[in-house]
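Please view the sequence and the structure before reading on.

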Amino acid sequence: MNLLILHGPNINLIGSISARNSETVTLSKIDSKIKRVAKKSKINLKIMQTHKVFGAINFIQRNRNWADGLLFNPASWSKYEYSLLESLIASDITTIEIAFSGKYNLIDNSLKSIFNGYCKKTLTGNPVEVYLDGIKEIQKII
């Protein structure tokens with residue numbers, strides 16, 4: 001299986017947020033755990049973190065024929081970034097949306113994500129576990 005991981009805006013600052021909570025979660029640690037699980041499961045990965053919508057769209061479009069699935073944490077894009085939603089729909093990649101919960105959730109989740117109607121599932125949880133749960137879920141779907 002070929003899997004894309006797309007971390008949206010400000011996910012690179014997860015270490016700063018975790019430090020305020022006396023924890024040591026970083027994007028590097030999240031990616032390392034994802035890579036370990038992927039290697040054991042014989043999953044090929046491409047991982048990207050960006051703040052720029054055009055970068056995210058390019059990542060999706062350039063890899064649409066390679067990827068079997070996408071784990072996507074849109075962060076604030078989940079409320080307004082329709083051009084990214086169009087790109088997902090046009091690329092037709094099986095997608096699971098990832099969202100952080102609790103002290104790692106920086107935006108109001110009472111407003112639904114614009115990606116809910118497209119994504120096969122939306123998973124919410126702790127930054128490390130939610131990505132690993134996403135891998136399990138996408139393996140079930142694909």
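A residue is termed buried under 20% relative accessible area, exposed over 50%, and partly exposed in between, with a 1.4 Å probe and protein chains only as cover. Lysine 40 has a relative accessibility of 72% and therefore counts as exposed. The model is predicted, so local features need pLDDT of at least 70 and side-chain atom pairs count only at pLDDT 80 or more, while totals for chains, interfaces and linings use all residues. Residues are numbered from 1 along each chain as its sequence is written, and side-chain values use heavy atoms, with hydrogens and water left out.

**Nonpolar cores**

- A nonpolar core is a set of buried Ala, Val, Leu, Ile, Met, Phe, Trp, Tyr and Cys residues joined through side-chain atoms within 4.5 Å.
- The largest such core holds 23 residues, and the members that touch the most others are Leu3, Ile14, Ile30, Leu71, Ile98, Phe100 and Tyr131.
- At least two residues of this core come from each of β1 (2-7), α1 (14-20), α2, β4 (94-100) and α5 (127-141).
- Helix α5 gives the most to this core, namely five residues.
- Another core lies apart from it and has 19 residues, including Phe72, Leu88, Ile114 and Tyr118.
- In soluble globular proteins, nonpolar side chains tend to be buried together.
- The helices named here are DSSP runs of H or I with at least four residues, and the strands are runs of E with at least two, both numbered from the N terminus.

**Salt bridges**

- A salt bridge is counted where a side-chain nitrogen of Lys or Arg is within 4 Å of a carboxyl oxygen of Asp or Glu.
- Two salt bridges are found by this rule.
- One of them joins the side chains of lysine 121 and glutamate 137, at 3.0 Å from N to O.
- This pair links distant parts of the chain, since lysine 121 belongs to strand β5 (residues 121-125) and glutamate 137 to helix α5, 16 residues apart.
- Glutamate 137 also forms a salt bridge with lysine 140, at 3.2 Å from N to O.
- Because glutamate 137 and lysine 140 are three residues apart in helix α5, about one helical turn separates them.
- Together, Lys121, Glu137 and Lys140 form a linked network of salt bridges.
- Side chains of opposite charge can pair when their charged atoms come close.

**Positive surface patch**

- Lys29, Lys33, Arg36 and Lys40 make up a positive surface patch.
- Patches are made of residues with over 30% relative accessible area and no salt bridge, with like charges joined within 9 Å and nonpolar side chains (Val, Leu, Ile, Met, Phe, Trp, Tyr) within 5 Å.
- Lys and Arg count as positive and Asp and Glu as negative, whereas His and the chain ends are not counted.
- Each charge is placed at NZ of Lys, CZ of Arg, CG of Asp or CD of Glu.
- Accessible areas come from the Shrake-Rupley method with a 1.4 Å probe, and for residues only the protein chains shown count as cover.
- Lysine 40, a member of the patch, is located in helix α2 (residues 27-40).

**Backbone and loops**

- Alanine 75 is not a glycine, yet has a positive phi of about 50°.
- Alanine 75 sits in the loop between β3 (69-73) and α4 (82-91).
- Aspartate 92, likewise not a glycine, has a positive phi of about 55°.
- The loop between α4 and β4 contains aspartate 92, which is exposed at 63% relative accessible area.
- Isoleucine 93 lies in the loop between α4 and β4 but is buried, at 2%.

**Distances between C-alpha atoms**

- Serine 18 of helix α1 is buried at 1% relative accessibility.
- From serine 18 to proline 127 the separation is 109 residues in sequence and 9.8 Å in space, C-alpha to C-alpha.
- Isoleucine 93 and asparagine 65 are 28 residues apart in sequence, with 8.7 Å between their C-alpha atoms.
- Phenylalanine 54 of helix α3 is exposed at 55% relative accessible area, and 8.4 Å separates its C-alpha atom from that of leucine 84, 30 residues away along the chain.
- Arginine 62 is part of helix α3 (residues 53-62) and is exposed at 70%.
- Arginine 62 and isoleucine 14 are 48 residues apart in sequence and 27 Å apart in space, C-alpha to C-alpha.
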